[in-house]
Amino acid sequence: MTDWIGADSEKLTAAYAAQEASPVAVAEALFEHMTAQDEELGAVRVLSREAALESAAASERRWRRHAPQSPLDGVPVMVREDISLPSYANEVEGVSPVVARLLEAGCVVLGKTVMAAHDAVVAGRCIEGRLVRNPWQPALTTGGSSAGAAVACAAGYAPLHVAIDRIGSLRMPAAFCGVFGFKPTQGRVPLAAPAMGRVAGPITRSVHDAAAMMNILARPDDRDFACLPPESPEYRMRVDGMSPKSLTIAVLTDMGVGPAVDPAIRLAVQEAARALQTAGASVEMIDGFLDPEMFESMQMLLEAGAHRDLEAMSEHERVRLPGFVVDWAGRRAPGFSGPQVMQALADIVRMRAAINEAMMGYDYLLMPVSPVLPWAAGSLSPTNDPQDGLPHVAFTVPWNFAEHPAASLNWRHGADGVPVGVQVVGHRFDDLGVLRLSRTLEIMRPEQAGWPLG
């Protein structure tokens, strides 16, 4: 059964079709693998063993009849803990749009992965205080807030994972754990509770698997008022074959705000840019488009939102939060005035205009995901200072506020085994294009290290 630990969706469904493996046996193997590994890593919130095995048995029957519900029928998937799961295997009514689409496709939902104690700050520490461990370097952070999904993916718990990205909280853990993370355009993947900047997307080991997931997830749902109109791009079958010769790529390694970019990260972005240029793309360096006022305004709005969330919590809920979160959310937000908030919103509009101007004439942007490499696991941010809680999100958070698609792709591993990722950003609605360029870079990148834990 160890053959199926780390197997991608295509290998699994080919084995199902040939009757060489069963969804039940694969699910059981993954449950055994998670049980053996997760005491150390801490990526799992809850396992849905009974419902998953019931779902896997139904999938097995369909494959025996050569009648799968989708190309991902029987493929295991895990979802982030704040995405609701059904109480039994085939329940669709009442569950989140993401889970409804997965169940309609016949995917086997194994359970939930943990998230950080707050989805806008506190990397890698769960609500109960325990750390989620990076499988490459357990002494280093996973990033947040979709820490569990990235760890579980790198550790081979399942081939497919659904995460949430609000300020880079899908892409940052993907970069720190060496996996692929894709944040779609706002509204591309419907949510039951849409919110500004909050997007669901896939974390996988390959671009192919992420594209296959997008075929399932990118279907409209009336419950999401921000849902985009229907489209049928067929992500998986169209993700290969992009020619760099027709592309104009902007490269950004200095945003002008936040920490200086680590030399190893800068080198990875430059290597990826050179690879595209060698393949015929037009590549140009550009200056950062954020000014300090824009970055400050984004942080103000995040703090104000967190303070509102804390005010709505019961005392029992609030005392479970790390003091870092309470201090960060309560330091300035209670004193924000109406004019200050309105100015912050105006700065967001100004930032979106600056992004539009910066991207004119370019097909895609290439840049870091994080300016810093993974820091010590016990620190909740690079500075571990709630007065400077979000210094590291200058390359990720603009795309949440501006609603652009963006992806994190591992480029190489450092000498100590730490993953070093690069970020691909596209124009709004060009989700397929970002996946296609990510796939092109995936083929071009240096040989990758073997996966941790199988």
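Which residues point one way from β4 and which the other way? Leu160, Val162 and Ile164 go one way, while His161, Ala163 and Asp165 go the other, and all are buried. This is a predicted model, in which local features need pLDDT of at least 70 and side-chain atom pairs count only at pLDDT 80 or more, while totals for chains, interfaces and linings use all residues. Residues are numbered from 1 along each chain as its sequence is written, and side-chain values use heavy atoms, with hydrogens and water left out.

View 1. Helices (H or I, at least four residues) and strands (E, at least two) are DSSP runs, numbered from the N terminus. Six of the six residues of β4 are buried, so the strand is largely enclosed by the rest of the structure; buried here means under 20% relative accessible area, exposed over 50%, and partly exposed in between (1.4 Å probe, protein chains only). On one side, β4 runs antiparallel to β6 (residues 199–204), with six bridges between them. Look for valine 162 opposite proline 202 and isoleucine 164 opposite alanine 200. β2 and β4 are parallel and share three bridges, and valine 77 has leucine 160 as its bridge partner.

**View 2. The whole sheet.** Eleven strands make an open, mixed sheet in the order β1-β3-β2-β4-β6-β5-β10-β11-β9-β7-β8; two strands pair if DSSP finds at least two bridges between them. β1 (44–47) and β8 are the edge strands, each pairing on one side only. Neighbouring strands are turned by 25° against each other on average, direction ignored. Helix α4 (residues 97–104) lies across β2, β3, β4 and β6, at about 175° to β2. Helix α7 (residues 207–217) lies across β2, β4, β5, β6 and β10, at about 145° to β6. Axes are lines fitted to C-alpha atoms, for helices over the stretch in contact, and angles run from 0 to 180 degrees between N-to-C directions.

View 3. Serine 169 sits in the loop between β4 (160–165) and α6 (171–177). At 1% relative accessibility, serine 169 counts as buried. The serine 169 side chain reaches the backbone nitrogen of arginine 166 at 2.8 Å, a polar contact (a pair of N or O atoms within 3.5 Å; within protein, one must be able to donate a hydrogen and the other to accept it, and residues adjacent in sequence count only if both atoms are side-chain atoms). Leaving out residues up to four places away in sequence, serine 169 touches Asp119, Gly144, Ser145, Ser146 and Ile164; contact means heavy atoms within 4.5 Å.

**View 4. Helix α9 and its ends.** Aspartate 262 caps the N-terminal end of α9, with a side-chain oxygen 2.8 Å from the backbone nitrogen of alanine 264. Among the buried residues of α9 are Ile265, Val269 and Leu276. The buried residues of α9 pack against β7, β8, β9, β10, β11 and α15. Just after the helix, glycine 280 takes a positive phi of about 110°.

**View 5. Two aromatic pairs.** Rings of Phe, Tyr and Trp (its six-membered ring) pair if their centres lie within 6.5 Å; planes under 30 degrees apart count as stacked, over 60 as edge-to-face and the rest as tilted. By this rule the count is four aromatic pairs. Tryptophan 136 and tryptophan 451 have ring centres 6.0 Å apart and planes at 45°, so the pair is tilted. Phenylalanine 289 and tryptophan 399, at 5.5 Å and 70°, form an edge-to-face pair, and both residues are buried.
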